[in-house]
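This report describes the fold elements, packing and selected residues of one protein model. Please consult the sequence and the structure shown here while reading.

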Amino acid sequence: MPPAGKISGFHRQENDWFCNANLPSDITVVVDEVNFHLHKFPLISRCGKIATIVEESQTTTDKILTVTLQEFPGGADTFLTAVKFCYGARTELTPKNILILYCAADYLEMTNNYGEDNLLSKSENYFHKHILRHWKDCILTLQSCKPVIITRADKLQIINKCTNALSVMICTDPSLFGWPMMMYGSLQSPGGTILWNGINTGAKIQSNESDWWFEDISYLGVDLFERLVLTMEAKGVRKENIARAIMYYCKKYLPGLDRWQGVVVQGGASRAVASFSMIPANVDQSALLKRVVKLLPEKKSKSFCRFLLGLLRVALILGVNDTCQDYLERRIGAQLELASLDSLLIPSYSDLDTLYNSDCVERMIGHFVSSEPSVDSALSPSSFDLGASPSFERLKRVAKVVDNYLAEVASDVNLKPGKIRSLAEALPESSRSLHDGLYRSLDIYFKEHSWLSDNDREQLCSIIDFRKLSIDACAHASQNERLPLRVLLQVLFFEQIQLKTALASCLNVFDAENAPMPPLPANPHETGGEIVQRDRWVTVVRENQGLKIDMENMRSRVGELEQEFVQIKEEMKRVSKSHSYISSSPRFIAKGLGCKLLPRSSNVQQDILESSSPTPRASVERSRPSTCRHRHGKSFSLV
């Protein structure tokens, strides 16, 4: 056989590889059904595994030994590279082939016991001296890792060493490594300075961005990305940065997620990766969701809550298992006060008739209530210091979001009365200081569900505590033709109580303000402070005179309302005895009794029917005057 240096190369014929040598082959190695017709001497001088097999086969009489290598790392192409190394050909190590050659050399036992500077030692030295010291090389090496060789790569600690090196670089100032190179491409020198026409300007890159590595690690597969995230957590990388990296990764492989949760990673969208020559990983979206929900750190913010709601939408679309959906709903429920209305409007992706998935929102409200034990105990109706409780502030914000959500879904004609009731009652009674939001939602619901019976309307109205309606809401409700007659009477009754309470409060204030003024100082030379105090008393007296006039008007109005209420009760008794039908319109009753209804406030429609915060609904239509409808009169006592 000629010396190894004389070998000119190899050639292939269909499924067989032959060495361009003048000597016949005496060993055939089969790798992935590809036959390599080789010579024993160059193989056993470099490969311990083949040397052992040849030694054990000395007793065989076959002229040509056949060896089959099962599960060879990298397959036939990698084995051909190792064979060329055994025959003395030059082998170039790169970040893209180092991992596979490292594993192949370990498989073939190409140690220094079978020749100096063997492939295993060359691969190990190159890996430690070049790969682990450069960010780009580490990324390319990890990306070249295929699932079939992960086991052997773990045995050699290749993946762990790469993830550790990357985590250390993330925690360290990137300018020390001359990275991120992609930000300036060829305009940056390895030392981190900016080049101009190939000349080192000495100017350092000024960048305080902490997200320069998001785009690079997004090219890793799900398994390697998960291992890198776990390593970063162990190395002390900030949870804020880890969360943003996960959000960036999910946005890349879950289409539509950036539209729903509005992830904006500064500086990352415009980066080019031409110098890396990488392609995005082939990611299974369902597997990604299941892995990501376990990697998400404990964090609360509006953007993160929006991201979780976006993941939940994707989970519902893909139909992942209930465990993943339940985990996301619990995480969202724990910070529901940070959710926005448009994020909660999750469409129904199943066969449900409703437009929105209100069952999912109801479960999240339940998780919020049960997330803190103090919610049920500290927020009882008997508590007097609710305003000082942080839990109560969170509960108030959730109640506002839920009321706005109810107003949005109320226009769905397929929404059942029981569902809107269960959503409204999912929060404790003490969560709402005012029930204006609930009244607005029911008003929209009655408008879009005009076929509801009076009994269904009365049952829905029972969720409203009319004592918690504002004066403007009471004024609107007293003239709302969509409300049942019993509810209208309750509104009038509580409206009188509110006016009486307001009147009594004002009288108490007037009595206190009308107390005798302190005598003016006899000294003609008054100080500046005494003059200011006297002027204040004069101003208070003038204001009191104007308020007294307003109070007299209020007294007369309260008297009129009391008379009207007594007349309505008497009329109701007469109608109940005669078993006659009465008109459902309060205007008709008032006209027959010669009463005057409370005048409509000019700002009622705007204050009551429009949300105080911006929502996807631009405005709510004003109440339509209904045609004359009749119902059977029943006796009803309010006191």
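Val29 stands opposite Phe36 in strand 4. The two strands concerned, strand 3 (residues 27-31) and strand 4 (residues 34-38), pair in the antiparallel sense over 5 bridges; two strands are taken to pair if DSSP finds at least two bridges between them. Helices (H or I, at least four residues) and strands (E, at least two) are DSSP runs, numbered from the N terminus.

The model is predicted: local features need pLDDT of at least 70 and side-chain atom pairs count only at pLDDT 80 or more, whereas totals for chains, interfaces and linings use all residues. Residues are numbered from 1 along each chain as its sequence is written, and side-chain values use heavy atoms, with hydrogens and water left out.

**Overall composition**

The protein contains 27 helices and 9 strands. Of its 639 residues, 47% count as buried, where buried means under 20% relative accessible area, exposed over 50%, and partly exposed in between (1.4 Å probe, protein chains only). Among contacts between residues at least 6 apart in sequence, 71% join residues at least 24 apart; a contact means heavy atoms within 4.5 Å.

**The sheet and its turns**

Strands of a sheet pair through backbone hydrogen bonds, either parallel or antiparallel.

Strand 1 and strand 2 also pair in the antiparallel sense, over 4 bridges, and His11 stands opposite Phe18 in strand 2. Their hairpin has 2 residues between the strands, and Glu14 in this hairpin takes a positive phi near 55°.

Two further residues have a positive phi although neither is a glycine. Asp32 is placed in the loop between strand 3 and strand 4. Glu109 lies in the loop between helix 4 (98-108) and helix 5 (119-131). Their values are set out below.

| Residue | Phi | Relative accessible area | State |
|---|---|---|---|
| Asp32 | about 50° | 48% | partly exposed |
| Glu109 | about 60° | 37% | partly exposed |

Axes are lines fitted to C-alpha atoms, for helices over the stretch in contact, and angles run from 0 to 180 degrees between N-to-C directions.

Helix 3 also packs with helix 4, at an angle of about 70° and with the axes 10 Å apart. That angle makes helix 3 roughly perpendicular to helix 4; angles under 35 degrees count as roughly parallel, over 145 as roughly antiparallel, 65 to 115 as roughly perpendicular and the rest as oblique. The contact is made by Thr78, Phe79, Thr81 and Ala82 of helix 3 and by Ile100, Leu101, Ala104 and Leu108 of helix 4.

**Helix 6 and its cover**

Helix 6 (residues 135-143) is mostly covered, with 7 of its 9 residues buried. These buried residues are Trp135, Asp137, Cys138, Ile139, Leu140, Thr141 and Leu142. What covers them includes helix 4, helix 5, helix 8 (158-171), helix 9 (214-217) and helix 10 (222-235).

**Helix 11 and Asn241**

Helix 11 has 15 residues and reaches 21 Å from its first C-alpha to its last, close to the 21 Å expected at 1.5 Å a residue; the expected span is 1.5 Å times one less than the number of residues. Asn241 is located in this helix (residues 239-253). Is Asn241 buried or exposed? Asn241 is buried, because its relative accessible area is 9%. Leaving aside neighbours within four places in sequence, Asn241 is in contact with Ser210, Trp213 and Phe214. Other buried residues of helix 11 include Ile242, Ala245, Tyr249 and Tyr253.

**Helix 15 and helix 17**

Helix 15 (residues 322-333) and helix 17 (residues 358-371) pack at an angle of about 55°, with their axes 8 Å apart. The two helices are therefore oblique to each other.
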